[in-house]
Amino acid sequence: MELNPLLQDIKQRKLKPIYFLMGEEPYYIDKISEYLSDTILTEDEKAFNQTTLYGKDVSLDEVLSTAKRFPMMAEYQVVLVKEAQDLSREILAQSDKKKNQLEAYAENPQATTILIFCYKYKKLDKRKRVYKAIAKSGVIFESKKIYENQIPTWIKDEVKRRGYNISPKAAHLLTEFLGNDLAKITNEIDKLELILAGRNEITPEIIEENIGISKDFNNFELQKAFGVKDYTKAYRIIEYFAQNQKNHPIVLTIPILYNFFSKVLLYHGLKDKSKGSVAKALKVNPYFVADYSTAANHYPMREVSGIVATLREIDMKSKGINSVSATPIDLYKELLFKIRS
């Protein structure tokens with residue numbers, strides 16, 4: 001089920017007796033469960049009619065016994081089960097002869113109870129009877145993990161939803177610094193929103209001033225420097241990285257460069273090099289297509305193949321394979337030397 005229609009139904013009080021929120025991405029599970037908890041009952045009603053349980057502390061039998069109670073002076077009671085994945089053995093228990101507890105409850109749920117399961121990092125098998133029973137009377141929402149190459153677009157959409165803009169470079173800076181942790185990204189956007197003070201665009205400068213990510217010394221600028229063969233700038237950046245290994249570990253930088261040059265290699269093989277076609281083939285924002293085009297002009301296909309092979313080798317060394325004593329600056333210098341050769 002899509003997120004926005006689900007939230008809209010909740011807002012319009014088109015409620016279901018069971019909400020089973022599952023999947024690899026905890027951000028949306030928390031978002032939906034918080035919205036349900038905040039929306040269904042008034043503050044006065046919550047004192048007697050909202051119960052929060054934790055999977056590691058209760059049994060499924062205790063959860064369902066709570067769910068079968070009647071609300072006190074309210075239309076509904078809300079039972080929120082956090083860390084429900086700790087109950088997975090009981091939830092998934094299945095016998096040919098009899099229904100498991102949750103399956104039986106889902107077939108005849110308490111109409112005045114809203115039972116919410118936060119089942120993180122796992123998901124129910126659609127072939128299971130319990131899945132079918134819940135889906136029939138309630139809502140099953142799968143929160144899927146967003147891959148890192150999708151994060152800049154996610155950031156752009158989230159910022160736009162709040163009424164602001166963000167430059168492509170700024171979105172990539174946040175992605176580089178925060179990865180695909182949506183909760184962390186949202187927290188940082190919250191901070192930026194507070195300090196925008198009438199401005200409507202988040203820029204690399206604003207990020208540098210308020211989050212501490214350098215707009216000049218980052219992986220994006222490093223790959224760009226390599227792409228235009230500005231080896232002096234590349235050396236300044238890798239020196240900075242070597243001195244700030246906590247924020248710029250080499251084991252993260254090398255895969256980023258590997259991904260960049262792999263896409264340059266792919267660019268070489270494209271017949272249609274129009275911006276839209278390249279963006280689609282490389283799965284990048286059209287704004288960055290020029291970077292791949294420029295790098296392809298500077299490095300012939302055979303050279304790029306050699307760089308990709310070198311990056312594989314440096315990546316293994318950075319993880320201690322075939323190189324025990326090499327420091328990050330040694331490995332960066334080796335990389336720079338081999339790319340220049």
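This report walks through a predicted model, from its sheet to its cores, ring pairs and a few helices.

## Before you start

Because this is a predicted model, local features need pLDDT of at least 70 and side-chain atom pairs count only at pLDDT 80 or more, while totals for chains, interfaces and linings use all residues. Residues are numbered from 1 along each chain as its sequence is written, and side-chain values use heavy atoms, with hydrogens and water left out.

## The sheet

Helices (H or I, at least four residues) and strands (E, at least two) are DSSP runs, numbered from the N terminus. Two strands pair if DSSP finds at least two bridges between them.

Contact here means heavy atoms within 4.5 Å.

## Strand β4 and its partners

What joins β4 to the strands on its two sides? Strand β3 (residues 77–82) runs parallel to β4 (residues 113–120) and is joined to it by five bridges; V79 stands opposite L115 in β4. With β1, β4 pairs in the parallel sense over six bridges, and the bridge partner of F20 in β4 is F117.

Strand β4 is largely enclosed by the rest of the structure, because eight of its eight residues are buried. Buried means under 20% relative accessible area, exposed over 50%, and partly exposed in between (1.4 Å probe, protein chains only). Both faces of β4 are covered, with T113, L115, F117 and Y119 buried on one side and I114, I116, C118 and K120 buried on the other.

## Nonpolar cores

A nonpolar core is a set of buried Ala, Val, Leu, Ile, Met, Phe, Trp, Tyr and Cys residues joined through side-chain atoms within 4.5 Å. The largest one has 44 residues, of which Y19, I32 and I155 touch the most other members. Leaving aside neighbours within four places in sequence, Y19 is in contact with L6, I10, K14, L36, I114, L115, I116, F117 and V139. Apart from this core lies another, of 37 residues, with F241, F260, I307 and V308 among them.

## Aromatic pairs

The structure holds 13 aromatic pairs. Rings of Phe, Tyr and Trp (its six-membered ring) pair if their centres lie within 6.5 Å; planes under 30 degrees apart count as stacked, over 60 as edge-to-face and the rest as tilted. F20 and F117 form a tilted pair, 5.4 Å centre to centre with 35° between the planes. This pair links distant parts of the chain, as F20 in β1 and F117 in β4 are 97 residues apart. F20 is buried at 0% relative accessibility, and F117 is buried with a relative accessible area of 0%.

The pair of F260 and Y292 is tilted because the ring centres are 5.0 Å apart and the planes are at 40°. F260 in helix α14 (residues 250–268) and Y292 in helix α16 (residues 289–298) are 32 residues apart. F260 is buried at 2% relative accessibility, and Y292 is buried at 6%. Elsewhere, ring pairs link F217, Y240, F241 and Y332 into a cluster.

Which residues of helix α11 (residues 204–211) are buried? They are P204, I206, I207 and I211. These residues cover an arc of only 160° around the axis, so they lie on the same side of α11; the arc is that of the directions from the helix axis to the C-beta atoms. What covers them includes α9 (168–178), α10 (182–195) and β7 (201–202). After α11 comes G212, whose phi is positive, near 95°.

In helix α17 (residues 301–318) you will find K317, which counts as buried at 17% relative accessibility. Not counting residues up to four places away in sequence, K317 touches S323, L331 and E334.
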